[in-house]
Amino acid sequence: MMAEQAVQKLPASGPEREKLRQSGQFWTPAWVAQAMAAYPIAGGHRTIFDPAVGMGAFFRAALAVAELANVRVRLQGAEVDKSILDKAKTSGLKSRDLSGVEVRDFVLDPPRTKLKAIVANPPYIRHHRLSADVKSRLKIFSMRLTGVAIDARAGYHIHFLLRALQLLEQGGRLAFIVPADTCEGVFAGTLWQWITRHYRLDAVITFDHMATPFPGVDTNPVIIMIENAPPGAEFHWARVTQPDNLALRAWVLSGFKTVEAGTLSVQRRLVCEGIATGLSRPPQVMTHPAVLADFARVMRGIATGANEYFFLTAERVTALGLQKEFLVPAIGRTRDVAGDELTHADLRRLEAQQRPTFLFSPNGNLPSRFPWSVRRYLKRGERLGLPDKPLIKTRKPWYKMETRAIPPFLFAYLGRRNARFIRNRAGVVPLTGFLCVYPLSDAPNFVERLWALLNHPDTVANIVLVGKSYGGGAVKVEPRALERLPLSERALREAGLAAPLRETQLEFTLREERARYKVSKRS
Ligand SMILES: C[S@@+](CC[C@H](N)C(=O)[O-])C[C@H]1O[C@@H](n2cnc3c(N)ncnc32)[C@H](O)[C@@H]1O
(Lines give C-alpha, C1' and ligand atoms only; values in the text may rest on other atoms or scores of the structure.)
Protein backbone atom coordinates (compact mmCIF):
# COMPACT_ATOMS: atom_id res chain seq x y z
CA MET A 1 0.00 0.00 0.00
CA MET A 2 1.18 3.55 -0.71
CA ALA A 3 1.71 6.29 1.85
CA GLU A 4 -1.44 8.39 1.83
CA GLN A 5 -1.27 12.16 1.70
CA ALA A 6 -2.54 13.83 4.87
CA VAL A 7 -5.96 15.48 4.69
CA GLN A 8 -5.72 18.88 2.99
CA LYS A 9 -5.64 21.80 5.44
CA LEU A 10 -7.87 24.57 4.10
CA PRO A 11 -7.32 28.25 4.92
CA ALA A 12 -10.65 29.49 6.35
CA SER A 13 -10.54 32.91 4.67
CA GLY A 14 -8.28 35.65 3.30
CA PRO A 15 -6.04 35.72 0.19
CA GLU A 16 -4.99 32.05 0.56
CA ARG A 17 -8.63 30.93 0.44
CA GLU A 18 -9.28 33.28 -2.49
CA LYS A 19 -6.31 31.71 -4.35
CA LEU A 20 -7.82 28.27 -3.74
CA ARG A 21 -11.19 29.40 -5.16
CA GLN A 22 -9.48 30.81 -8.24
CA SER A 23 -7.42 27.68 -8.94
CA GLY A 24 -9.94 25.09 -7.71
CA GLN A 25 -7.15 23.18 -5.91
CA PHE A 26 -9.11 20.98 -3.51
CA TRP A 27 -7.83 17.42 -3.07
CA THR A 28 -10.05 14.34 -3.07
CA PRO A 29 -9.76 12.14 0.06
CA ALA A 30 -8.53 8.58 -0.48
CA TRP A 31 -11.78 6.75 0.37
CA VAL A 32 -13.66 8.73 -2.29
CA ALA A 33 -10.85 8.67 -4.88
CA GLN A 34 -10.57 4.87 -4.56
CA ALA A 35 -14.32 4.35 -5.07
CA MET A 36 -14.08 6.48 -8.22
CA ALA A 37 -10.95 4.77 -9.57
CA ALA A 38 -12.67 1.43 -8.93
CA TYR A 39 -15.29 2.21 -11.60
CA PRO A 40 -13.10 1.97 -14.73
CA ILE A 41 -10.94 -0.76 -13.16
CA ALA A 42 -14.07 -2.86 -12.50
CA GLY A 43 -14.97 -2.29 -16.16
CA GLY A 44 -11.65 -3.86 -17.25
CA HIS A 45 -9.78 -0.63 -18.07
CA ARG A 46 -6.11 -0.44 -17.21
CA THR A 47 -5.05 3.03 -18.41
CA ILE A 48 -6.44 5.68 -16.10
CA PHE A 49 -6.44 9.33 -17.17
CA ASP A 50 -6.87 12.20 -14.67
CA PRO A 51 -7.42 15.51 -16.53
CA ALA A 52 -6.74 17.63 -13.39
CA VAL A 53 -4.00 15.69 -11.55
CA GLY A 54 -3.21 18.15 -8.72
CA MET A 55 -1.42 16.27 -5.93
CA GLY A 56 -2.28 12.97 -7.61
CA ALA A 57 -5.12 11.68 -5.40
CA PHE A 58 -6.54 9.55 -8.22
CA PHE A 59 -3.14 8.16 -9.18
CA ARG A 60 -2.56 6.93 -5.62
CA ALA A 61 -6.14 5.65 -5.54
CA ALA A 62 -5.81 3.78 -8.87
CA LEU A 63 -2.57 2.13 -7.69
CA ALA A 64 -4.23 1.09 -4.41
CA VAL A 65 -7.32 -0.34 -6.13
CA ALA A 66 -5.16 -2.10 -8.75
CA GLU A 67 -3.15 -3.76 -5.95
CA LEU A 68 -6.39 -4.86 -4.31
CA ALA A 69 -7.74 -6.27 -7.59
CA ASN A 70 -4.36 -7.76 -8.42
CA VAL A 71 -3.98 -5.95 -11.74
CA ARG A 72 -1.51 -3.38 -13.13
CA VAL A 73 -2.53 0.10 -14.26
CA ARG A 74 -0.92 2.82 -16.38
CA LEU A 75 -1.38 6.42 -15.29
CA GLN A 76 -1.81 9.41 -17.57
CA GLY A 77 -3.13 12.90 -17.09
CA ALA A 78 -3.09 16.66 -17.51
CA GLU A 79 -2.56 19.56 -15.12
CA VAL A 80 -2.15 23.31 -15.77
CA ASP A 81 -0.05 24.01 -12.70
CA LYS A 82 3.44 22.50 -13.09
CA SER A 83 4.47 23.46 -9.55
CA ILE A 84 1.74 21.29 -8.05
CA LEU A 85 3.06 18.28 -9.99
CA ASP A 86 6.46 18.76 -8.36
CA LYS A 87 4.72 18.70 -4.99
CA ALA A 88 2.82 15.54 -6.01
CA LYS A 89 6.18 13.72 -5.98
CA THR A 90 6.30 14.23 -2.22
CA SER A 91 2.89 12.64 -1.69
CA GLY A 92 3.75 8.98 -2.14
CA LEU A 93 4.05 8.97 -5.94
CA LYS A 94 7.21 8.20 -7.89
CA SER A 95 8.52 10.21 -10.86
CA ARG A 96 7.56 7.34 -13.17
CA ASP A 97 3.95 7.45 -11.87
CA LEU A 98 3.79 11.07 -13.02
CA SER A 99 5.73 10.67 -16.28
CA GLY A 100 2.50 10.35 -18.27
CA VAL A 101 1.19 13.76 -17.14
CA GLU A 102 1.23 16.66 -19.56
CA VAL A 103 1.16 20.29 -18.46
CA ARG A 104 -1.82 21.56 -20.43
CA ASP A 105 -5.32 22.98 -20.16
CA PHE A 106 -7.54 19.93 -20.52
CA VAL A 107 -10.56 21.86 -21.79
CA LEU A 108 -9.10 24.45 -24.13
CA ASP A 109 -6.01 22.48 -25.26
CA PRO A 110 -7.18 18.85 -24.94
CA PRO A 111 -5.14 15.67 -25.57
CA ARG A 112 -5.20 14.55 -29.21
CA THR A 113 -6.18 10.95 -28.51
CA LYS A 114 -9.35 9.34 -27.21
CA LEU A 115 -9.35 8.08 -23.63
CA LYS A 116 -10.53 4.78 -22.15
CA ALA A 117 -10.96 5.76 -18.52
CA ILE A 118 -11.21 9.23 -17.02
CA VAL A 119 -11.36 9.92 -13.29
CA ALA A 120 -11.56 13.54 -12.19
CA ASN A 121 -12.23 16.13 -9.58
CA PRO A 122 -12.36 19.07 -12.01
CA PRO A 123 -11.54 22.56 -10.72
CA TYR A 124 -14.71 24.14 -9.35
CA ILE A 125 -14.31 27.63 -10.74
CA ARG A 126 -17.63 29.50 -10.80
CA HIS A 127 -18.56 31.29 -14.04
CA HIS A 128 -18.07 34.79 -12.63
CA ARG A 129 -14.40 34.04 -11.93
CA LEU A 130 -13.73 33.21 -15.59
CA SER A 131 -12.46 35.85 -18.04
CA ALA A 132 -14.74 36.96 -20.90
CA ASP A 133 -12.34 35.34 -23.41
CA VAL A 134 -12.33 31.95 -21.64
CA LYS A 135 -16.12 32.09 -21.25
CA SER A 136 -16.64 32.72 -24.93
CA ARG A 137 -14.26 29.87 -25.93
CA LEU A 138 -16.06 27.50 -23.54
CA LYS A 139 -19.41 28.53 -24.97
CA ILE A 140 -18.31 27.83 -28.55
CA PHE A 141 -16.88 24.45 -27.52
CA SER A 142 -19.98 23.25 -25.66
CA MET A 143 -22.32 24.53 -28.39
CA ARG A 144 -20.35 22.67 -31.09
CA LEU A 145 -20.34 19.45 -29.08
CA THR A 146 -23.89 19.31 -27.81
CA GLY A 147 -25.71 21.40 -30.41
CA VAL A 148 -27.48 23.22 -27.59
CA ALA A 149 -26.53 26.39 -25.75
CA ILE A 150 -25.33 25.54 -22.24
CA ASP A 151 -26.28 28.43 -19.95
CA ALA A 152 -23.45 30.94 -19.38
CA ARG A 153 -23.75 30.32 -15.62
CA ALA A 154 -22.22 26.84 -16.01
CA GLY A 155 -18.82 26.79 -14.24
CA TYR A 156 -15.54 25.34 -15.57
CA HIS A 157 -16.33 21.89 -14.17
CA ILE A 158 -19.27 21.51 -16.58
CA HIS A 159 -16.99 22.12 -19.57
CA PHE A 160 -14.45 19.69 -18.09
CA LEU A 161 -17.18 17.06 -18.02
CA LEU A 162 -18.24 17.81 -21.59
CA ARG A 163 -14.65 17.64 -22.84
CA ALA A 164 -14.13 14.34 -21.02
CA LEU A 165 -17.30 12.90 -22.56
CA GLN A 166 -16.16 14.02 -26.00
CA LEU A 167 -12.80 12.25 -25.54
CA LEU A 168 -14.23 9.08 -23.99
CA GLU A 169 -13.69 6.05 -26.22
CA GLN A 170 -16.56 3.72 -27.10
CA GLY A 171 -16.92 1.42 -24.06
CA GLY A 172 -14.84 3.84 -21.98
CA ARG A 173 -15.78 4.83 -18.43
CA LEU A 174 -15.72 8.14 -16.62
CA ALA A 175 -16.09 9.01 -12.92
CA PHE A 176 -16.35 12.69 -11.95
CA ILE A 177 -16.88 14.30 -8.59
CA VAL A 178 -18.70 17.59 -9.11
CA PRO A 179 -20.69 20.12 -7.10
CA ALA A 180 -24.43 19.46 -6.98
CA ASP A 181 -25.16 22.45 -9.24
CA THR A 182 -24.13 20.12 -12.08
CA CYS A 183 -27.44 18.32 -11.45
CA GLU A 184 -29.51 21.21 -10.10
CA GLY A 185 -28.32 24.39 -11.87
CA VAL A 186 -30.38 26.28 -14.47
CA PHE A 187 -28.43 24.46 -17.18
CA ALA A 188 -28.84 20.98 -15.62
CA GLY A 189 -31.96 19.93 -17.56
CA THR A 190 -30.39 20.68 -20.97
CA LEU A 191 -27.06 19.16 -19.97
CA TRP A 192 -28.46 15.87 -18.66
CA GLN A 193 -30.97 15.45 -21.49
CA TRP A 194 -28.00 15.61 -23.86
CA ILE A 195 -25.73 13.34 -21.78
CA THR A 196 -28.35 10.64 -21.22
CA ARG A 197 -29.36 10.65 -24.88
CA HIS A 198 -25.77 9.83 -25.89
CA TYR A 199 -24.20 7.92 -22.96
CA ARG A 200 -25.18 5.45 -20.29
CA LEU A 201 -25.52 6.96 -16.84
CA ASP A 202 -24.44 4.09 -14.57
CA ALA A 203 -24.42 5.61 -11.10
CA VAL A 204 -24.83 8.75 -9.04
CA ILE A 205 -23.39 8.86 -5.51
CA THR A 206 -24.42 11.55 -3.02
CA PHE A 207 -23.31 12.28 0.54
CA ASP A 208 -25.05 13.10 3.79
CA HIS A 209 -23.83 16.33 5.32
CA MET A 210 -22.07 14.24 8.02
CA ALA A 211 -20.24 12.18 5.40
CA THR A 212 -19.10 14.96 3.07
CA PRO A 213 -15.74 14.30 1.38
CA PHE A 214 -14.83 18.01 1.78
CA PRO A 215 -15.52 19.15 5.34
CA GLY A 216 -15.30 22.93 5.62
CA VAL A 217 -15.91 23.55 1.90
CA ASP A 218 -19.19 25.20 0.88
CA THR A 219 -20.21 22.62 -1.65
CA ASN A 220 -22.44 19.59 -1.90
CA PRO A 221 -20.45 17.07 -3.98
CA VAL A 222 -21.89 14.34 -6.19
CA ILE A 223 -20.06 11.53 -7.98
CA ILE A 224 -21.30 10.61 -11.42
CA MET A 225 -20.26 7.48 -13.30
CA ILE A 226 -20.90 7.28 -17.02
CA GLU A 227 -20.04 4.73 -19.72
CA ASN A 228 -19.80 5.49 -23.42
CA ALA A 229 -22.42 2.84 -24.18
CA PRO A 230 -26.03 2.90 -25.40
CA PRO A 231 -28.22 4.83 -22.92
CA GLY A 232 -30.25 2.89 -20.36
CA ALA A 233 -33.58 3.68 -18.71
CA GLU A 234 -32.35 3.23 -15.14
CA PHE A 235 -29.30 4.09 -13.03
CA HIS A 236 -27.93 3.24 -9.56
CA TRP A 237 -28.33 5.96 -6.96
CA ALA A 238 -26.51 5.83 -3.62
CA ARG A 239 -26.40 7.96 -0.50
CA VAL A 240 -23.31 7.71 1.69
CA THR A 241 -24.15 8.22 5.35
CA GLN A 242 -20.79 7.60 7.02
CA PRO A 243 -17.45 9.26 6.15
CA ASP A 244 -14.29 7.26 5.35
CA ASN A 245 -16.59 4.65 3.95
CA LEU A 246 -14.60 1.92 2.16
CA ALA A 247 -17.87 0.05 1.58
CA LEU A 248 -18.39 2.53 -1.27
CA ARG A 249 -15.28 1.20 -3.04
CA ALA A 250 -16.45 -2.38 -2.50
CA TRP A 251 -19.88 -1.59 -3.95
CA VAL A 252 -18.38 -0.04 -7.09
CA LEU A 253 -15.85 -2.88 -7.50
CA SER A 254 -18.69 -5.43 -7.30
CA GLY A 255 -20.31 -3.76 -10.32
CA PHE A 256 -22.92 -2.11 -8.04
CA LYS A 257 -24.13 -5.53 -6.91
CA THR A 258 -23.03 -6.04 -3.32
CA VAL A 259 -23.74 -3.57 -0.55
CA GLU A 260 -22.39 -4.17 2.92
CA ALA A 261 -25.43 -3.88 5.23
CA GLY A 262 -25.95 -0.50 6.89
CA THR A 263 -23.18 1.33 5.01
CA LEU A 264 -24.91 2.86 2.01
CA SER A 265 -28.43 3.50 0.93
CA VAL A 266 -28.73 2.24 -2.65
CA GLN A 267 -31.60 2.18 -5.13
CA ARG A 268 -32.42 1.91 -8.84
CA ARG A 269 -34.09 4.93 -10.39
CA LEU A 270 -35.48 5.90 -13.77
CA VAL A 271 -33.18 8.28 -15.62
CA CYS A 272 -36.09 10.56 -16.60
CA GLU A 273 -37.24 10.79 -12.99
CA GLY A 274 -33.68 11.50 -11.81
CA ILE A 275 -33.29 14.34 -14.30
CA ALA A 276 -36.68 15.84 -13.48
CA THR A 277 -36.07 15.62 -9.72
CA GLY A 278 -32.36 16.54 -9.90
CA LEU A 279 -29.87 13.63 -9.86
CA SER A 280 -28.33 14.88 -6.62
CA ARG A 281 -31.67 14.66 -4.81
CA PRO A 282 -33.46 11.59 -3.45
CA PRO A 283 -36.33 10.36 -5.62
CA GLN A 284 -39.43 12.41 -5.29
CA VAL A 285 -42.44 10.51 -4.05
CA MET A 286 -45.17 11.43 -6.49
CA THR A 287 -47.84 12.34 -4.01
CA HIS A 288 -48.12 16.07 -4.50
CA PRO A 289 -51.30 17.17 -6.20
CA ALA A 290 -50.17 20.73 -6.97
CA VAL A 291 -47.18 23.01 -7.38
CA LEU A 292 -46.78 26.66 -6.38
CA ALA A 293 -47.41 27.86 -9.97
CA ASP A 294 -51.00 26.66 -9.53
CA PHE A 295 -51.50 29.46 -6.98
CA ALA A 296 -48.80 32.08 -7.50
CA ARG A 297 -46.31 33.61 -9.91
CA VAL A 298 -42.68 34.18 -8.95
CA MET A 299 -40.27 36.91 -10.11
CA ARG A 300 -36.80 37.81 -8.95
CA GLY A 301 -36.28 40.99 -6.94
CA ILE A 302 -35.01 44.22 -8.50
CA ALA A 303 -31.43 44.29 -9.80
CA THR A 304 -30.17 47.87 -9.42
CA GLY A 305 -26.72 47.41 -10.96
CA ALA A 306 -25.25 49.65 -8.18
CA ASN A 307 -26.84 49.22 -4.76
CA GLU A 308 -24.45 51.69 -3.14
CA TYR A 309 -25.92 54.43 -5.37
CA PHE A 310 -29.57 53.44 -5.79
CA PHE A 311 -30.31 51.86 -2.39
CA LEU A 312 -30.31 54.58 0.25
CA THR A 313 -30.70 55.07 3.99
CA ALA A 314 -33.39 57.48 5.26
CA GLU A 315 -30.63 59.76 6.48
CA ARG A 316 -29.03 59.93 3.05
CA VAL A 317 -32.38 60.59 1.39
CA THR A 318 -32.82 63.62 3.68
CA ALA A 319 -29.29 64.83 3.08
CA LEU A 320 -29.77 64.60 -0.70
CA GLY A 321 -33.20 66.27 -0.48
CA LEU A 322 -34.78 63.59 -2.71
CA GLN A 323 -38.58 63.79 -3.02
CA LYS A 324 -40.85 60.90 -2.02
CA GLU A 325 -42.16 60.32 -5.54
CA PHE A 326 -38.65 59.21 -6.61
CA LEU A 327 -38.29 56.70 -3.80
CA VAL A 328 -39.76 53.25 -3.23
CA PRO A 329 -39.57 51.48 0.15
CA ALA A 330 -37.32 48.48 -0.41
CA ILE A 331 -35.51 45.65 1.34
CA GLY A 332 -32.07 44.42 0.30
CA ARG A 333 -30.47 41.87 2.60
CA THR A 334 -32.11 38.68 3.80
CA ARG A 335 -30.38 39.30 7.13
CA ASP A 336 -32.47 42.48 7.49
CA VAL A 337 -35.61 40.36 7.88
CA ALA A 338 -35.35 38.48 11.14
CA GLY A 339 -38.46 36.30 11.04
CA ASP A 340 -41.19 35.39 8.60
CA GLU A 341 -42.92 38.82 8.60
CA LEU A 342 -41.76 42.26 7.60
CA THR A 343 -43.72 45.14 9.13
CA HIS A 344 -43.56 48.96 9.12
CA ALA A 345 -42.06 48.75 12.62
CA ASP A 346 -39.25 46.56 11.21
CA LEU A 347 -38.53 49.18 8.55
CA ARG A 348 -38.30 51.91 11.21
CA ARG A 349 -35.91 49.70 13.20
CA LEU A 350 -33.73 49.23 10.11
CA GLU A 351 -33.75 52.99 9.52
CA ALA A 352 -32.58 53.53 13.11
CA GLN A 353 -29.77 51.05 12.41
CA GLN A 354 -28.70 53.07 9.35
CA ARG A 355 -29.70 50.25 7.01
CA PRO A 356 -30.85 51.31 3.53
CA THR A 357 -34.63 51.08 3.07
CA PHE A 358 -35.28 53.33 0.03
CA LEU A 359 -34.76 52.54 -3.62
CA PHE A 360 -34.00 55.61 -5.71
CA SER A 361 -36.33 54.94 -8.60
CA PRO A 362 -36.54 57.75 -11.16
CA ASN A 363 -38.79 56.95 -14.13
CA GLY A 364 -37.72 57.38 -17.73
CA ASN A 365 -38.43 61.14 -17.85
CA LEU A 366 -35.85 63.54 -19.21
CA PRO A 367 -33.67 65.09 -16.47
CA SER A 368 -35.09 68.55 -17.33
CA ARG A 369 -38.42 67.36 -15.91
CA PHE A 370 -36.91 66.38 -12.58
CA PRO A 371 -36.52 68.67 -9.56
CA TRP A 372 -33.10 70.13 -8.96
CA SER A 373 -32.15 67.68 -6.16
CA VAL A 374 -32.77 64.67 -8.42
CA ARG A 375 -30.85 66.25 -11.30
CA ARG A 376 -27.93 66.92 -9.00
CA TYR A 377 -27.92 63.29 -7.80
CA LEU A 378 -28.10 61.98 -11.38
CA LYS A 379 -25.10 64.16 -12.27
CA ARG A 380 -23.23 62.56 -9.39
CA GLY A 381 -24.11 59.12 -10.79
CA GLU A 382 -22.68 60.15 -14.16
CA ARG A 383 -19.48 61.40 -12.53
CA LEU A 384 -19.19 57.99 -10.81
CA GLY A 385 -19.32 56.35 -14.25
CA LEU A 386 -22.56 54.48 -13.55
CA PRO A 387 -23.96 54.80 -17.11
CA ASP A 388 -21.11 52.50 -18.27
CA LYS A 389 -21.57 49.79 -15.63
CA PRO A 390 -22.56 46.36 -17.07
CA LEU A 391 -26.24 46.11 -16.16
CA ILE A 392 -26.96 49.84 -16.06
CA LYS A 393 -25.73 50.51 -19.58
CA THR A 394 -28.46 48.24 -20.99
CA ARG A 395 -31.11 50.65 -19.62
CA LYS A 396 -32.45 53.69 -21.42
CA PRO A 397 -32.01 56.16 -19.82
CA TRP A 398 -29.40 54.61 -17.54
CA TYR A 399 -31.21 55.69 -14.33
CA LYS A 400 -34.55 54.11 -15.25
CA MET A 401 -35.10 51.57 -12.51
CA GLU A 402 -36.82 48.16 -12.87
CA THR A 403 -40.26 48.21 -11.33
CA ARG A 404 -42.20 45.58 -9.39
CA ALA A 405 -45.70 45.61 -7.99
CA ILE A 406 -45.49 45.23 -4.20
CA PRO A 407 -45.45 41.46 -3.63
CA PRO A 408 -47.60 40.20 -0.72
CA PHE A 409 -44.93 37.54 -0.10
CA LEU A 410 -41.18 37.47 -0.37
CA PHE A 411 -38.96 34.44 -0.56
CA ALA A 412 -35.48 34.62 0.96
CA TYR A 413 -33.78 32.22 -1.39
CA LEU A 414 -30.25 31.89 -0.11
CA GLY A 415 -28.89 31.78 3.33
CA ARG A 416 -27.35 29.73 6.04
CA ARG A 417 -30.64 30.17 7.86
CA ASN A 418 -33.30 28.21 6.08
CA ALA A 419 -34.73 29.58 2.88
CA ARG A 420 -38.18 30.90 3.85
CA PHE A 421 -41.31 32.72 2.79
CA ILE A 422 -41.92 36.16 4.33
CA ARG A 423 -45.24 38.00 4.66
CA ASN A 424 -44.60 41.50 3.32
CA ARG A 425 -46.74 43.74 5.55
CA ALA A 426 -44.40 46.71 5.09
CA GLY A 427 -45.28 47.31 1.43
CA VAL A 428 -41.68 47.03 0.22
CA VAL A 429 -40.24 45.84 -3.06
CA PRO A 430 -37.24 43.52 -2.71
CA LEU A 431 -33.81 43.62 -4.35
CA THR A 432 -32.20 40.47 -5.73
CA GLY A 433 -31.64 38.79 -2.34
CA PHE A 434 -35.31 37.84 -2.48
CA LEU A 435 -37.90 36.53 -4.90
CA CYS A 436 -41.34 38.19 -5.25
CA VAL A 437 -44.32 35.84 -4.84
CA TYR A 438 -47.58 37.11 -6.36
CA PRO A 439 -50.84 35.25 -5.60
CA LEU A 440 -52.89 34.56 -8.75
CA SER A 441 -55.84 36.33 -7.08
CA ASP A 442 -55.80 39.45 -4.89
CA ALA A 443 -58.90 38.33 -2.93
CA PRO A 444 -57.90 38.76 0.75
CA ASN A 445 -59.33 35.37 1.64
CA PHE A 446 -57.16 33.69 -1.03
CA VAL A 447 -54.03 35.59 0.01
CA GLU A 448 -54.49 34.52 3.66
CA ARG A 449 -54.99 30.87 2.67
CA LEU A 450 -51.97 30.99 0.44
CA TRP A 451 -49.93 32.32 3.36
CA ALA A 452 -51.04 29.34 5.46
CA LEU A 453 -50.02 27.07 2.58
CA LEU A 454 -46.58 28.69 2.15
CA ASN A 455 -45.91 28.46 5.88
CA HIS A 456 -47.00 24.85 6.16
CA PRO A 457 -44.19 22.53 7.37
CA ASP A 458 -44.71 20.24 4.32
CA THR A 459 -44.22 23.19 1.96
CA VAL A 460 -41.13 24.39 3.81
CA ALA A 461 -39.70 20.83 3.81
CA ASN A 462 -40.16 20.60 0.03
CA ILE A 463 -37.98 23.66 -0.69
CA VAL A 464 -34.87 21.44 -0.88
CA LEU A 465 -36.50 19.56 -3.77
CA VAL A 466 -36.38 22.62 -5.99
CA GLY A 467 -33.31 24.37 -4.59
CA LYS A 468 -29.64 24.10 -5.43
CA SER A 469 -27.90 22.86 -2.33
CA TYR A 470 -24.63 24.21 -1.01
CA GLY A 471 -22.65 22.97 1.99
CA GLY A 472 -24.01 23.44 5.52
CA GLY A 473 -27.67 23.22 4.51
CA ALA A 474 -27.82 26.46 2.47
CA VAL A 475 -30.17 26.34 -0.53
CA LYS A 476 -30.60 28.65 -3.51
CA VAL A 477 -33.84 28.68 -5.49
CA GLU A 478 -34.43 30.24 -8.92
CA PRO A 479 -37.85 31.82 -9.71
CA ARG A 480 -38.95 29.10 -12.17
CA ALA A 481 -37.82 26.39 -9.77
CA LEU A 482 -39.84 27.93 -6.93
CA GLU A 483 -42.91 27.82 -9.17
CA ARG A 484 -42.37 24.04 -9.34
CA LEU A 485 -42.40 23.74 -5.53
CA PRO A 486 -44.49 20.63 -4.72
CA LEU A 487 -47.45 21.21 -2.40
CA SER A 488 -48.75 18.31 -0.35
CA GLU A 489 -52.33 17.13 -0.08
CA ARG A 490 -52.24 17.78 3.67
CA ALA A 491 -50.88 21.34 3.31
CA LEU A 492 -53.56 22.18 0.74
CA ARG A 493 -56.30 20.73 2.91
CA GLU A 494 -55.15 22.51 6.07
CA ALA A 495 -54.80 25.82 4.20
CA GLY A 496 -58.29 25.39 2.72
CA LEU A 497 -57.15 25.37 -0.92
CA ALA A 498 -58.19 22.91 -3.61
CA ALA A 499 -55.70 21.14 -5.88
CA PRO A 500 -56.12 21.67 -9.62
CA LEU A 501 -57.59 18.67 -11.41
CA ARG A 502 -54.64 17.60 -13.49
CA GLU A 503 -51.54 15.52 -13.50
CA THR A 504 -48.25 17.32 -12.82
CA GLN A 505 -45.75 17.41 -15.63
CA LEU A 506 -43.38 15.10 -13.77
CA GLU A 507 -46.08 12.50 -13.14
CA PHE A 508 -47.03 12.69 -16.79
CA THR A 509 -43.42 12.26 -17.98
CA LEU A 510 -42.89 9.36 -15.61
CA ARG A 511 -46.07 7.57 -16.65
CA GLU A 512 -45.08 7.94 -20.31
CA GLU A 513 -41.52 6.79 -19.66
CA ARG A 514 -42.63 3.77 -17.59
CA ALA A 515 -44.98 2.71 -20.37
CA ARG A 516 -42.19 3.10 -22.94
CA TYR A 517 -39.76 1.15 -20.74
CA LYS A 518 -42.24 -1.75 -20.36
CA VAL A 519 -42.73 -1.90 -24.11
CA SER A 520 -38.98 -1.89 -24.82
CA LYS A 521 -38.39 -4.65 -22.22
CA ARG A 522 -41.07 -6.82 -23.84
CA SER A 523 -39.79 -6.33 -27.40
C1 LIG B 1 -10.00 20.06 -7.59
S2 LIG B 1 -8.29 19.87 -7.98
C3 LIG B 1 -8.23 18.10 -8.07
C4 LIG B 1 -6.85 17.53 -8.02
C5 LIG B 1 -6.77 16.01 -7.84
N6 LIG B 1 -7.17 15.28 -9.03
C7 LIG B 1 -7.61 15.56 -6.64
O8 LIG B 1 -8.68 15.06 -6.90
O9 LIG B 1 -7.18 15.72 -5.51
C10 LIG B 1 -8.27 20.41 -9.64
C11 LIG B 1 -6.90 20.57 -10.26
O12 LIG B 1 -7.10 20.99 -11.61
C13 LIG B 1 -6.08 21.89 -11.99
N14 LIG B 1 -6.62 22.65 -13.14
C15 LIG B 1 -7.29 23.82 -13.12
N16 LIG B 1 -7.67 24.16 -14.36
C17 LIG B 1 -7.21 23.18 -15.19
C18 LIG B 1 -7.28 22.95 -16.60
N19 LIG B 1 -7.91 23.81 -17.38
N20 LIG B 1 -6.71 21.84 -17.11
C21 LIG B 1 -6.07 20.95 -16.30
N22 LIG B 1 -5.97 21.13 -14.96
C23 LIG B 1 -6.54 22.21 -14.41
C24 LIG B 1 -5.81 22.68 -10.72
O25 LIG B 1 -4.50 23.23 -10.74
C26 LIG B 1 -5.98 21.60 -9.65
O27 LIG B 1 -4.74 21.01 -9.34
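What covers the buried residues of α3? The cover includes α2 (30-42), β1 (47-50), β2 (74-79), α5 (95-98) and β4 (115-120). The model is predicted: local features need pLDDT of at least 70, side-chain atom pairs count only at pLDDT 80 or more, and totals for chains, interfaces and linings use all residues. Residues are numbered from 1 along each chain as its sequence is written.

**Overall**
- The protein has 20 helices and 22 strands, where helices (H or I, at least four residues) and strands (E, at least two) are DSSP runs numbered from the N terminus.
- Of the 523 residues in the protein, 39% are buried; a residue is buried if 20 or more other C-beta atoms lie within 10 Å of its own, exposed if 12 or fewer, and partly exposed in between, with C-beta atoms placed from the backbone.
- Contacts are pairs of residues whose C-beta atoms, placed from the backbone, lie within 7 Å. Among those between residues at least 6 apart in sequence, 78% join residues at least 24 apart.

- Helix α3 (residues 57-69) has 13 residues and should span 18 Å at 1.5 Å a residue, which agrees with the 18 Å between its end C-alpha atoms; the expected span is 1.5 Å times one less than the number of residues.
- The buried residues in α3 are Ala57, Phe58, Phe59, Arg60, Ala61, Ala62, Leu63, Ala64 and Val65.
- The axes of α2 and α3 lie 8 Å apart, at an angle of about 60°, which makes α2 oblique to α3. Axes are lines fitted to C-alpha atoms, for helices over the stretch in contact, and angles run from 0 to 180 degrees between N-to-C directions. Angles under 35 degrees count as roughly parallel, over 145 as roughly antiparallel, 65 to 115 as roughly perpendicular and the rest as oblique.
- Residues of α2 that meet α3 include Ala30, Ala33, Gln34 and Met36; among their partners in α3 are Ala57, Phe58, Arg60 and Ala61.

**A four-stranded sheet**
- An open sheet of mixed pairing holds four strands in the order β12-β15-β13-β18, and its edge strands, β12 (311-312) and β18 (429-430), each pair on one side only. Two strands pair if DSSP finds at least two bridges between them.
- Strands β13 (residues 327-331) and β15 (residues 358-360) run antiparallel and are joined by three bridges. Leu327 stands opposite Phe360 in β15.

**Gly255**
- Gly255 lies in the loop between α10 (247-253) and β9 (264-270).
- With 13 other C-beta atoms within 10 Å, Gly255 is partly exposed.

Terms used. Two residues are in contact if their C-beta atoms, placed from the backbone, lie within 7 Å.
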